[in-house]
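Please read them with the structure open.

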Amino acid sequence: MKHSLALFILMLTIGCGQKNKKTESPNRIESVEVIDSIVVDSVPKKVEPQLKTFDGLADTTFVRLEDFSKDFAYDLRYATENNFLKAKVYDCAECYTRVKTAKALIAANKDFLKEGVKIKFYDCYRPNSVQYKMWEIVPNPQYVANPDKGSIHNKGGAVDITLVDLEGNELDMGTDFDFFGKRAYHDNMDLPQNILDNRKLLKETMEAHGFWSIRTEWWHYNLSAGSNDKVANFKWDCPE
């Protein structure tokens, strides 16, 4: 009897073991936790500096135009020897104007951009000390304003400009900047039609925003509201 009971228990144990083995799946797949990976660019992206606003600035404050708009082009000739003086008279190239001039220029440029062009600067505010330097090189009031009296450039209300397309190509205005001759006159109609059209676009748009021109220089524009400002000798800092 004892032997029969022991045999029964042994058979039951073996049977349960085989049953447990049958319940295990031979192709059991273990779960794998997948963690999303993020690829981080090792090259830091260049962050464009945020533009400044005119909030709280008086109309007569001098400002750096590039701090308020990135939609202009520059070729500031008096910071090079590529000018009628054949001399560099600015320590470095910067375009400063008074706030009211800057506002009018940005407004005018918005209209130009609608036509697929934009303003390019040859000269902006000019310190009176530079006016004296220019006078020493070319003491001729036909070309250089007498520094004792000063020019509207010295007041921060005048700019010398042209137009370029959105790829930076200059529109044909008939002459280079600072060409002193009848071909540069606004009232010279003996020019190809495309040149007359380009000058007309420049002149009419600038006049619509409060600027007036000089008959003998297609590139020169004065802000009417800046005519009575004082001659200044503010000097901008140059990068070391």
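1. A pocket here means an open set of grid points with protein on both sides within 12 Å along at least five of seven lines. The model is predicted. Its largest pocket has a volume of about 540 Å³. The lining of that pocket is made of 28 residues. Gln 142, Tyr 143, Val 144, Ile 214 and Glu 217 lie nearest the centre.

2. Which elements give two or more residues to the lining of the largest pocket? They are α3 (128-137), β6 (211-214) and β7 (217-223). The largest share comes from β7, with 4 residues. By class, the lining has 15 nonpolar, 9 polar and 4 charged residues.

3. The second largest pocket has a volume of about 180 Å³. Val 89, Tyr 90 and Asp 91 are among its lining residues. The class count is 6 nonpolar, 1 polar and 3 charged.

4. How many disulfides does the structure hold? There are 2. Counting bonded cysteines along the chain, the pattern is 1-4, 2-3.

5. Take Cys 92 and Cys 238 to begin with. They are joined by a disulfide, with an S to S distance of 2.1 Å. The link is left-handed, with -90° about the S-S bond. Cys 92 sits in the loop between β2 (73-74) and β3 (96-98), and Cys 238 in the segment after β7, so the bond ties together parts that are 146 residues apart in sequence.

6. Cys 92 is at 13%, so it is buried. Cys 238 is at 31%, so it counts as partly exposed.

7. The other disulfide joins Cys 95 to Cys 124, S to S 2.0 Å. Its torsion about the S-S bond is about -95°, so this disulfide is left-handed. Cys 95 is in the loop between β2 and β3, while Cys 124 is in the loop between β4 (117-123) and α3. The pair links distant parts of the chain, 29 residues apart. Both Cys 95 and Cys 124 are buried.

8. Helix α2 (residues 99-114) passes a length check. Its 16 residues, at 1.5 Å a residue, should span 22 Å. The end C-alpha atoms are 23 Å apart, which agrees. Just after α2, Gly 116 takes a positive phi of about 80°.

9. Which residues of α2 are buried? The run Val 99, Lys 100, Thr 101 and Ala 102 is. Ala 104, Leu 105, Ile 106, Ala 108, Asn 109 and Phe 112 are buried as well. Lys 100 deserves a look on screen, as a lysine listed among the buried residues.

10. In soluble globular proteins, nonpolar side chains tend to be buried together. The largest nonpolar core in this model has 49 residues. Leu 105, Ile 119, Phe 121, Leu 202 and Met 206 have the most contacts inside it. At least two core residues come from each of β1 (62-64), α2, β4, α3, β5 (158-165), α4 (193-208) and β7. The largest share, 7 residues, comes from α2.

Notes. Residues numbered from 1 in each chain as written. Predicted model: local features only at pLDDT ≥ 70, side-chain atom pairs only at ≥ 80, totals over all residues. Heavy atoms only, no water. 1 Å grid on protein atoms, 1.4 Å probe; cavity = no way out; pocket = protein on both sides within 12 Å on 5 of 7 lines; lining within 4 Å. Points joined across faces, edges and corners; volume = space filled by probe spheres on them. Nonpolar A, V, L, I, M, F, W, Y, C, P; charged D, E, K, R; others polar. Disulfide = S-S within 2.5 Å. Buried < 20%, exposed > 50% of the residue type's maximum accessible area, 1.4 Å probe, protein only. Expected span 1.5 Å × (residues − 1). Core = buried A, V, L, I, M, F, W, Y, C linked by side-chain atoms within 4.5 Å.
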